[in-house]
Amino acid sequence: DRQRVDKWLWPARMFKTRALAAAAVTGGKVHLNNARVKPAHHVHIDDTIIIQRGITEMTVVVTALSTRRGPAPEAAK
């Protein structure tokens, strides 16, 4: 299975809107498996996403794909 990186970042609650997620990916603030990608690039389970916000950098491993934005505890899984 696969999902667009900007669509995955939004339900995972990494960004408040999908537009902000797409802008971060386009701006080079999000890397997938240590490579710069476009918003339409696909994410697969076990991929590593690095998100940079200012001086803070988060590394996230994709464990599941979601099409809906659920509650925060569900997104943290």
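Aspartate 46 is found in the loop that lies between strand β4 (42-43) and strand β5. Its backbone angle phi is near 80°, a positive value in a residue other than glycine. With a relative accessible area of 61%, aspartate 46 is exposed. These values, like those that follow, are computed from a predicted model.

**Positive phi and accessibility**

A second residue of this kind is arginine 13, whose phi is near 65°, again positive in a residue other than glycine. Arginine 13 belongs to the loop between α1 and α2. The relative accessible area of arginine 13 is 37%, so this residue counts as partly exposed.

| Residue | Relative accessible area | Class |
|---|---|---|
| Arginine 13 | 37% | partly exposed |
| Aspartate 46 | 61% | exposed |
| Arginine 53 | 41% | partly exposed |

**Overall form of the chain**

The protein chain contains three helices and six strands. Followed along the sequence, these elements give the pattern β-α-α-β-β-β-β-β-α. The C-alpha trace spans about 25 × 25 × 20 Å along its principal axes. A compact globule of 77 residues would have a radius of gyration near 11 Å, and the protein chain agrees with this expectation because its own value is 11 Å. Buried residues account for 34% of the 77 residues.

Four strands form an open sheet in the order β3-β2-β5-β6, and their pairing is antiparallel. Strands β3 (35-36) and β6 (56-61) stand at the edges with a single partner strand each, so one side of each is left without a neighbour in the sheet.

Strand β2 (residues 30-32) runs antiparallel to strand β5 (residues 48-53), and three bridges join the two. Within this pair, valine 30 stands opposite isoleucine 51 of β5.

On β5 there is also the pairing with β6, which is antiparallel and extends over six bridges. Here isoleucine 49 stands opposite valine 60 in β6, and glutamine 52 has glutamate 57 of β6 as its bridge partner. The two strands form a hairpin with two residues between them. Glycine 54, in the turn of that hairpin, has a positive phi of about 65°.

In soluble globular proteins, nonpolar side chains tend to be buried together. The largest nonpolar core of this model has 17 residues, of which Leu9, Phe15, Val30, Ile49 and Ile51 touch the most other members. The elements that contribute two or more residues to this core are α1 (5-9), α2 (18-26), β2 and β5.

Leaving out residues up to four places away in sequence, isoleucine 51 touches Leu9, Met14, Phe15, Lys29, Val30, Thr56, Glu57, Met58 and Val60.

**Arginine 53 and phenylalanine 15**

Arginine 53 is placed in strand β5. Its relative accessible area is 41%, which means that arginine 53 is partly exposed. Apart from its neighbours within four places in sequence, arginine 53 is in contact with Met14 and Phe15. What does the charged end of arginine 53 sit over? The charged end sits over the ring of phenylalanine 15, 4.5 Å from the centre of that ring.

Between arginine 53 and leucine 9, the separation is 44 residues in sequence and 14 Å in space, taken from C-alpha to C-alpha.

A pair of aromatic rings is described by the distance of the centres and the angle of the planes. For centres lying within 6.5 Å, the count of aromatic pairs in this model comes to zero.

Conventions. Residues are numbered from 1 along each chain as its sequence is written. This is a predicted model: local features need pLDDT of at least 70, side-chain atom pairs count only at pLDDT 80 or more; totals for chains, interfaces and linings use all residues. Side-chain values use heavy atoms; hydrogens and water are left out. Two strands pair if DSSP finds at least two bridges between them. Rings of Phe, Tyr and Trp (its six-membered ring) pair if their centres lie within 6.5 Å; planes under 30 degrees apart count as stacked, over 60 as edge-to-face and the rest as tilted. A charge sits over a ring if NZ of Lys or CZ of Arg is within 6 Å of the ring centre and within 35 degrees of the ring normal. A nonpolar core is a set of buried Ala, Val, Leu, Ile, Met, Phe, Trp, Tyr and Cys residues joined through side-chain atoms within 4.5 Å. Buried means under 20% relative accessible area, exposed over 50%, partly exposed in between (1.4 Å probe, protein chains only). Contact means heavy atoms within 4.5 Å. The radius of gyration is taken over C-alpha atoms; the globule rule is 2.2 Å times the number of residues to the power 0.38.
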